[in-house]
Amino acid sequence: MRVNKIFTTTIGLEVHIELRTESKMFCNCPTAFGAEPNSNTCPVCLGLPGVLPVINKKAVEMLIKTAIALNCKIADYSKFDRKNYFYPDMPKNYQISQYDFPLAYSGFLEIEPEEGPKKRIGIIRIHLEEDTGKSIHTGDIDKSLYTLEDFNRAGIPLLEIVTAPDISSPGEAYLYLNDLKNIIQYLGVSDCKMEEGSLRCDANISVSIGGKQTPKIEVKNMNSFKAVEKALAYEESRLVSALENGEQIEQHTRGWLEKEEKTIFMRGKEFAHDYRYFPEPDLPPLVITKEEIEKIKKSIPELPYQRRERYIKDFGLSHYDTALLVENKELGDFLEQTLKFFNNPKKICNWLLGDISRILNKNNTSITQQLLTPANLAMMLNLIEEEVISGKMAKELIEEMVIKGTPVETLIKKQNLQQIKDEESLKKVITEVIKENPDSVNKILSGKTKVKGFLVGEIMKKTEGKANPQLVNKILDKTLGGL
Amino acid sequence: MKAVEIKQAISDRKVKAEEVVCSCFDRISEVESKIKSFLYIAKEKAIEQAKEIDKKIASGRSIGKLAGIPVSIKDNICTEGMPTTCASRILTNFISPYNATVVDKILAEDGILLGKNNCDEFAMGSSTENSFFFPTTNPWDITRVPGGSSGGSASAVASGEVPLSLGTDTGGSIRQPASLCGIVGLKPTYGRVSRFGLVAFASSLDQIGPMGRCVEDIALLLEVIAGKDWRDSTSAPIKVDEYSKELSAIDPDSIKVALIKELLQEEGIEEGVKDVIYNSVKILSDLGFKIEEVSLPHLAYSLPVYYLISSAEASSNLARYDGVRYGERKEVKDGNVFDMYINTRTIGLGPEVKRRIMLGTFALSAGYYDAYYLKAQKVRTLIKQEFRKAFDKYQILLGAVSPTVAFKLGEKLDNPVQMYLSDICTLPASLAGIPALSLPVGLYNCLPVGLQIIGDYFCESLLLKVAYILEKEIGVFTPVFNEGK
């Protein structure tokens with residue numbers, strides 16, 4: 001659908017992030033993903049009669065960390081509230097959440113669209129709540145004969161981050177989510193895996209043409225950042241054509257169907273819940289002191305936007321390479337560790353984003369899961385620098401270095417790969433090659449210098465690639481010049 | 001025998017814990033069929049526990065503060081391995097996998113768990129007639145109610161089935177039955193005793209407290225159960241006094257006491273009850289206490305404030321009884337999960353509980369929250385402030401506990417508002433979160449009358465001292481069992 005008239009899109013996102021605390025929000029149960037169903041449970045997170053919640057201080061700390069990174073204000077008074085509704089995956093039939101006094105508010109995140117200047121996306125609020133359990137239906141939800149409940153997830157701390165309606169395109173929504181994910185991962189407060197549900201996103205969108213604006217449409221059930229972008233793009237054009245055709249649109253909620261790449265009607269405004277929020281009487285209000293905030297501030301590591309600036313300014317890396325390294329924090333960290341032994345960020349970057357990334361992708365793994373050490377990589381780069389081995393040789397060694405962790409020196413010795421830098425033995429080989437290829441030699445002598453490359457190739461072949469290329473060129477020029 | 005006497009006799013090896021426990025069971029078999037104060041009797045376990053304690057004593061090992069003293073527990077407090085039903089059909093088959101903090105504390109001090117006491121369903125009621133299982137009767141006259149909701153605890157203690165019991169008080173559920181059964185009952189300061197394991201009715205009001213035949217006994221039990229508990233974030237990190245050891249340390253001349261007009265002169269309060277209370281006030285005055293009168297006009301709003309706040313919290317607290325994870329589930333043929341919820345709760349919950357859930361749900365609904373719940377919270381703050389002001393001047397406040405003596409079974413069952421009025425004098429201290437004690441101070445129409453002694457936050461020690469000195473003048477009621485007229 002291509003729209004001719006000029007329209008404006010308004011998008012707000014609501015992101016839920018599971019915090020990577022060791023224990024749950026209000027009890028001591030572990031939070032590990034993938035445990036046997038209902039094994040990470042206790043009377044508290046199962047909502048048994050008589051239990052009481054106890055606030056996980058680590059979760060509060062993680063929220064404050066995130067809030068600082070997102071330039072938010074930290075509330076000096078905050079409290080928990082109960083959000084009441086019945087659902088089988090919710091043990092108490094209320095969720096402990098925060099209503100009118102969230103822990104953090106009024107922040108922003110700066111995104112960098114490919115074209116145009118940086119753009120601030122306002123953060124209205126960040127609050128803490130507990131996650132629900134997981135319902136497993138047999139087949140379709142409305143035809144399912146029974147439903148299984150797994151309460152391992154029930155009570156895991158969740159951050160809810162709500163943006164202002166500052167996002168003006170599906171592409172910006174994608175950028176926001178990606179930058180947010182990077183920040184959260186740098187802070188180490190969540191792994192942000194949308195497919196494991198540790199990051200979830202609902203979106204609100206409306207469009208306007210001229211003075212006419214559609215009501216707010218909520219879109220749910222997206223399971224990747226790309227899906228969010230696609231769902232919003234779908235919704236954007238649907239709403240624009242509806243406006244152009246003068247269709248009546250009511251405020252409602254829609255669900256994204258991944259396979260069909262479209263959204264469908266889920267429920268109307270009249271089915272909106274009345275959550276009957278009221279202050280959680282089992283928990284005292286949260287009072288965060290200035291000292292606590294200062295302490296947490298000091299524990300915040302370098303953030304993606306800070307790293308980005310440093311890589312471009314101090315390392316002289318390209319915007320493109322920087323983006324890749326910032327996105328993949330593990331590679332960035334590896335680069336910095338390698339720098340301690342080999343002081344050329346550009347060269348390290350080329351290897352990391354080139355051959356090493358290719359090997360990692362091929363094996364579907366990541367740098368931290370492999371045995372390559374920064375010292376080993378640095379040693380290889382140094383050996384190239386000192387012309388002990390050639391770049392081409394290194395390319396043959398790197399895979400074993402990455403996968404098996406074999407030190408580069410061991411590989412060189414084992415494969416007898418040391419470059420031939422001994423002029424006498426090189427001269428011998430070169431003389432042989434010249435003898436064997438009189439035609440080529442003649443061509444060179446008659447001015448077709450390009451053919452020299454062929455001779456170099458033959459020399460490399462004879463030395464199994466071990467000849468030092470610079471030396472080969474030097475001796476070959478000298479020898480040819482003497483002919 | 002008093003609990004403190006039992007303890008002495010056991011540690012002096014004059015009597016064995018097993019004998020004490022067996023004498024309780026003898027009394028239970030004598031009166032329980034008429035009193036019906038227990039929902040569960042842990043006979044074998046209790047005897048086994050008593051034998052252990054006897055062994056401990058025989059081998060000369062140190063013993064706990066409650067060594068060999070039988071204690072019964074209201075059935076809305078979780079006990080591992082025993083049913084915890086809250087006298088509700090919906091929890092008929094529920095056995096808690098853990099002990100409430102108070103239960104663990106009693107066990108740690110070698111107290112013996114005798115069983116679980118009947119109560120109004122989820123502690124909602126003032127007569128124990130709202131129990132799903134059966135009503136409990138008053139041992140002073142078994143045609144009358146024992147009060148409620150801790151009626152089972154009160155009648156078990158009053159009839160001599162057990163020397164001590166744990167009750168819970170949300171709006172008067174310890175004090176009112178204590179008054180109607182002629183025993184001593186204390187609602188501690190909110191936060192004095194851990195609520196972990198107390199099945200929540202109204203979280204901002206609920207408090208566990210001791211019920212016994214004399215002040216010394218409840219002082220001892222309070223000493224054991226009080227204190228900060230990391231599992232209850234609303235429990236207070238305030239030092240626990242040795243209540244039972246300092247009972248006599250009081251100088252009446254130095255203590256200013258006031259009668260609260262609103263808790264004594266209201267027309268709903270029976271003249272006979274007033275007379276008994278004024279008589280006890282006279283005794284206090286003769287002892288040297290300076291007694292004045294004070295008016296706290298905002299207490300008049302206690303009833304609506306209480307029913308809005310407690311019902312709102314209850315509507316949320318009781319949402320978990322849905323048949324999904326535990327309790328009795330009632331499926332609907334071809335129905336979905338929401339049909340199951342409705343059916344389970346329709347069958348599993350009694351009429352009073354439903355009434356309060358509906359009231360509370362309404363009070364919290366969008367558009368009504370400000371007018372009801374929020375307004376009620378504001379008036380609650382005013383009531384607290386009014387008490388605060390009174391405590392600037394006085395250390396002890398007095399009033400009636402119950403406007404009447406024990407009424408007939410069934411008398412108020414069809415009139416919820418009449419029933420609610422039974423708590424009119426106990427609600428203010430609950431709303432303020434301050435400690436209040438009911439001490440039996442006399443009889444009217446051959447039925448006991450309690451005096452309410454109210455103190456400032458965490459001043460349980462003073463309450464107990466005042467009660468103790470008055471009790472010495474009036475005496476302790478002996479266990480009763482009257483089949484009535």
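I began with Leu166(B), which stands opposite Pro210(B) in strand E6(B); helices (H or I, at least four residues) and strands (E, at least two) are DSSP runs, numbered from the N terminus. The model is predicted, and local features need pLDDT of at least 70, side-chain atom pairs count only at pLDDT 80 or more, while totals for chains, interfaces and linings use all residues. Residues are numbered from 1 along each chain as its sequence is written, and chains are lettered from A and ligands numbered from 1 in the order in which they are written.

I then looked up the pairing of E4(B), where two strands pair if DSSP finds at least two bridges between them. E4(B) and E6(B) (residues 207-212) pair in the antiparallel sense over 6 bridges, whereas E2(B) (residues 70-74) pairs with E4(B) in the parallel sense over 3 bridges, with Ser165(B) as the partner of Ser72(B).

I next checked burial (buried: 20 or more other C-beta atoms within 10 Å of the residue's own, placed from the backbone; exposed: 12 or fewer; partly exposed in between). In E4(B) (residues 164-169), 6 of the 6 residues are buried, so the strand is largely enclosed by the rest of the structure. Leu164(B), Leu166(B) and Thr168(B) point one way, Ser165(B), Gly167(B) and Asp169(B) the other.

Last, I turned to the contact between the chains (C-beta atoms, placed from the backbone, within 7 Å), which takes 23 residues from chain A and 35 residues from chain B.

Definitions and conventions:
Two residues are in contact if their C-beta atoms, placed from the backbone, lie within 7 Å.
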